[in-house]
Amino acid sequence: MTRTTIAALAMAGAVSLAFSVPALAEGNLAIYAWADSISPEMVAKFEKETGIKVTVDAFSSNEDLLTKLQAGSSGYDIVTPSQHFVKIMIDSGLLEDFGASSMAAYSQVLPDWQKPWWDATGNHSIPLAFGNAGYTVNRDLYKGPVDSWKTYFEPPAELRGKIASLAQPDEVIPAAENYLGIKYCSEDPQEMKRVLDLLLAQKPFVAAYSSDNIENRIGSGEVAAHFWWDGNTMRLRRNDKANVEYAMPKEGLVGWLDSYVVPKGAANIENAKKFIDFMAQLDNATAQYNYYGHSSPVKIDESKALYNKENAPELFPTVPVKMGQACSPAAQELVTKVWTQLLQ
């Protein structure tokens with residue numbers, strides 16, 4: 001749980017790929033979500049209760065999702081972007097106003113997540129899960145401190161050549177900005193040069209820039225530290241018994257919240273609303289929380305919840321969490337330049 005903005009809009013606008021659109025059918029629902037983010041058990045339960053046939057495809061970055069929606073006729077009825085991409089998609093006319101704030105699901109949303117800045121009317125989205133991005137270490141390979149981004153961005157000798165990053169800048173650059181004390185979405189070229197210099201100095205020690213197969217890379221010890229997400233780390237530690245630890249850098253983690261939204265022109269909007277309402281029901285939301293292992297922005301039954309501060313500290317950060325922002329065109333241009341220069 002990876003997780004860029006205006007520049008991506010421009011690039012995506014140039015894409016002229018054609019995507020097939022499924023035939024309109026009352027009994028169908030097509031979902032495009034983060035990999036492994038929707039409980040298969042809940043999908044099966046929904047299908048049994050409603051008779052609606054559900055297909056779930058996976059994406060691994062907000063950028064990929066944005067490109068698909070901008071190409072038009074995506075064929076999906078529900079997609080699950082992160083907060084700043086919700087804002088971009090609303091502003092670009094890519095999403096349906098499906099009256100989310102009037103739905104039963106909305107009454108289950110916790111107050112902190114109702115009508116947030118990325119969806120001020122509350123009509124375009126219902127939150128799915130929230131968490132943060134940081135870095136994870138394999139404790140079989142690295143025994144040192146993980147209380148600062150310094151460990152990751154300016155690695156000690158035992159981590160050099162054994163660090164991995166994500167393939168997109170969406171969360172990596174804000175993390176670097178946290179470390180350097182720079183505000184997100186800076187429009188100052190000199191501040192962003194500091195970010196670039198930091199990432200270029202780190203680059204010789206980075207084994208991979210990849211957002212795929214992270215659990216295998218860090219869990220197997222192929223790398224000793226990986227930019228990753230809270231709940232993913234928790235699941236690897238609990239389910240696979242991997243000796244990993246999620247860092248709590250004092251400079252702050254990068255926050256995210258993913259939401260259910262409906263692409264413009266979706267064929268099965270009513271079925272999408274039925275699914276969103278279904279997933280927000282107390283028992284279903286609890287089962288989804290237990291499956292996904294990221295924090296729930298909707299009410300759950302705490303007595304049935306698998307995770308708490310004692311057994312899942314990754315989900316209860318002890319350091320500041322700063323939510324990712326939707327950058328201005330000027331700021332996003334600098335982000336794109338930094339990342340392009342880093343990877344060239």
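**Close-up 1. K337 and E333 in helix α12 of the predicted model.** Helix α12 covers residues 329–343, and K337 and E333 sit 4 residues apart in this helix, so about one helical turn separates them. The two side chains form a salt bridge, with 3.6 Å between the closest N and O atoms. K337 is partly exposed, its relative accessible area being 43%. E333 also counts as partly exposed, at 44% relative accessibility.

**Close-up 2. The salt bridge of K87 with D91 in helix α4.** Both residues belong to α4 (residues 83–91) and are 4 residues apart, about one turn of the helix. K87 is partly exposed, with a relative accessible area of 28%, whereas D91 is exposed, with 54%.

**Close-up 3. The salt bridge of E47 with K53.** Here the closest N and O atoms lie 4.0 Å apart. E47 has 22% relative accessibility and therefore counts as partly exposed. The count for the model comes to 8 salt bridges, this one among them.

**Close-up 4. Packing of helix α10 with helix α11.** Helix α10 spans residues 269–280 and helix α11 spans residues 282–292. The helices pack at an angle of about 80°, and their axes are 5 Å apart. Angles of 65 to 115 degrees count as roughly perpendicular, and α10 and α11 are therefore roughly perpendicular to each other. On the α10 side, the contact involves F278, M279 and A280; these meet L282, N284, A285 and Q288 of α11. By class, the contact has 5 nonpolar and 2 polar residues, and no charged residues.

Key:
Residues are numbered from 1 along each chain as its sequence is written. This is a predicted model: local features need pLDDT of at least 70, side-chain atom pairs count only at pLDDT 80 or more; totals for chains, interfaces and linings use all residues. Side-chain values use heavy atoms; hydrogens and water are left out. Axes are lines fitted to C-alpha atoms, for helices over the stretch in contact, and angles run from 0 to 180 degrees between N-to-C directions. Helices (H or I, at least four residues) and strands (E, at least two) are DSSP runs, numbered from the N terminus. Angles under 35 degrees count as roughly parallel, over 145 as roughly antiparallel, 65 to 115 as roughly perpendicular and the rest as oblique. Contact means heavy atoms within 4.5 Å. Ala, Val, Leu, Ile, Met, Phe, Trp, Tyr, Cys and Pro count as nonpolar, Asp, Glu, Lys and Arg as charged, and the others, Gly among them, as polar. Buried means under 20% relative accessible area, exposed over 50%, partly exposed in between (1.4 Å probe, protein chains only).
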